[in-house]
Amino acid sequence: MSSFLGKISEKYVSLSSQVDVYRNIKGFKFNCMLTFEDEINLYNKICSQFYKLYYSDRFTFEKVNTKKQILKYYNKGIFLYSNDIFRENSYIASRDDEFVFMNINIGEHLRLTGKLPGVNFFRCGHFAYGLESDLDERLKFSFNTNFGYVFKDVNLVGNGLKMIGVLHIPSLKYYKMTEFLENKTKKLGINFYSLSKIGLCEDFYIAEFCNHNAEEFSAIRKMDKYITEIVNLEIDNRRKLLGIKTDYYREKFERYKKILKNRENISPYIISKFISLCILLQSLELIVDYDIKELYEYLMTVRSSTFLNEKERDEELLNVVFKLI
């Protein structure tokens with residue numbers, strides 16, 4: 001059994017890595033002070049330079065100023081933040097492989113995002129900073145020699161860097177190791193918290209880094225290192241847990257599946273718990289019915305449903321159930 005369990009892949013633990021690089025354009029006021037005309041001028045200025053890049057034809061722009069369009073990106077797993085403000089002229093540009101995104105006029109003037117499954121902060125940083133470097137040659141970013149890059153959000157002033165990872169760690173939760181990890185990562189400048197805070201299954205955790213004084217690429221390498229340590233710890237404990245409780249989790253999977261089939265007590269917790277069991281069993285190839293990318297997007301859809309009113313939430317959850325069962 002131990003050799004079989006050794007096949008657990010990191011993609012079943014680290015569901016997503018995301019690096020966000022924020023920038024503001026020199027000569028424009030902060031977003032909250034822009035007029036409608038200013039927003040159009042900002043968009044035109046950024047796009048006029050962006051379309052000169054040789055790879056710009058790989059990107060598609062979409063205006064995101066309605067709830068439906070915003071949810072589309074939430075459901076893809078692009079982490080948007082509570083202080084993001086979508087305006088009349090807010091846009092998201094997506095690369096054709098959906099590994100690179102560019103947000104315009106959402107919170108700050110620009111957010112350049114690299115996003116990949118697994119532990120891939122360094123590659124995500126390469127995507128985001130590669131785009132930032134190319135645009136820096138054509139646009140002048142707001143920079144102060146004393147404080148660094150300048151933003152409306154004072155927590156970004158300095159490097160303008162955020163990183164976020166989505167982790168599936170049911171074994172560490174079972175063995176009561178998550179509190180230890182929360183305390184340890186806090187000392188490292190990482191906010192580590194469970195999605196149970198918004199009513200989802202306690203097996204899913206978020207690791208969020210934002211230290212505006214850190215040297216960017218050193219911080220990205222450290223994030224890769226810290227998250228890899230957590231992933232390896234989960235894999236070791238998952239081997240141990242499933243070596244003795246495989247039948248228990250199979251039965252639990254069937255029980256939750258029956259609940260969803262019967263449309264009984266459908267809630268964000270129940271659905272996310274079923275997704276957790278799918279990922280757990282799929283990591284051992286005990287079930288092969290689901291694609292990990294789809295499971296991640298279902299989880300993100302459940303997450304975004306918690307921000308909706310009751311009727312909208314129930315519709316979103318029911319759509320996820322139809323796809324799962």
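## Helix H7 against helix H8

How are H7 and H8 oriented to each other: roughly parallel, roughly antiparallel, roughly perpendicular or oblique? In this predicted model, the axes of helix H7, which covers residues 216-261, and helix H8 come within 9 Å and cross at roughly 135°. An angle over 145 degrees would count as roughly antiparallel, and one from 65 to 115 as roughly perpendicular; H7 and H8 are therefore oblique to each other. The crossing in which H7 passes H8 is left-handed.

The handedness of the crossing of H8 and H9 is left-handed.

H9 has a further packing partner in helix H10, which spans residues 310-324, and the axes of H9 and H10 come within 9 Å while crossing at roughly 165°. That value makes H9 roughly antiparallel to H10, and the crossing of these two helices is left-handed.

## The second largest pocket

H9 also takes part in the lining of the second largest pocket, to which it gives the most, with four residues. The space in this pocket amounts to about 290 Å³, and the elements that each give two or more residues to its lining are strand S1 (14-23), strand S5 (108-116) and helix H9 (292-305).

The lining of the second largest pocket consists of 17 residues, and those that lie nearest the centre of the pocket are Lys 115, Leu 116, Pro 117, Lys 293 and Tyr 296. Sorted by class, the lining has eight nonpolar residues, seven charged residues and two polar ones.

Technical notes: Residues numbered from 1 in each chain as written. Predicted model: local features only at pLDDT ≥ 70, side-chain atom pairs only at ≥ 80, totals over all residues. Heavy atoms only, no water. 1 Å grid on protein atoms, 1.4 Å probe; cavity = no way out; pocket = protein on both sides within 12 Å on 5 of 7 lines; lining within 4 Å. Points joined across faces, edges and corners; volume = space filled by probe spheres on them. Nonpolar A, V, L, I, M, F, W, Y, C, P; charged D, E, K, R; others polar. Axes fitted to C-alpha atoms, helices over the stretch in contact; angles between N-to-C directions. Parallel < 35°, antiparallel > 145°, perpendicular 65-115°, else oblique. Left-handed = near helix turned anticlockwise from the far one by under 90°.
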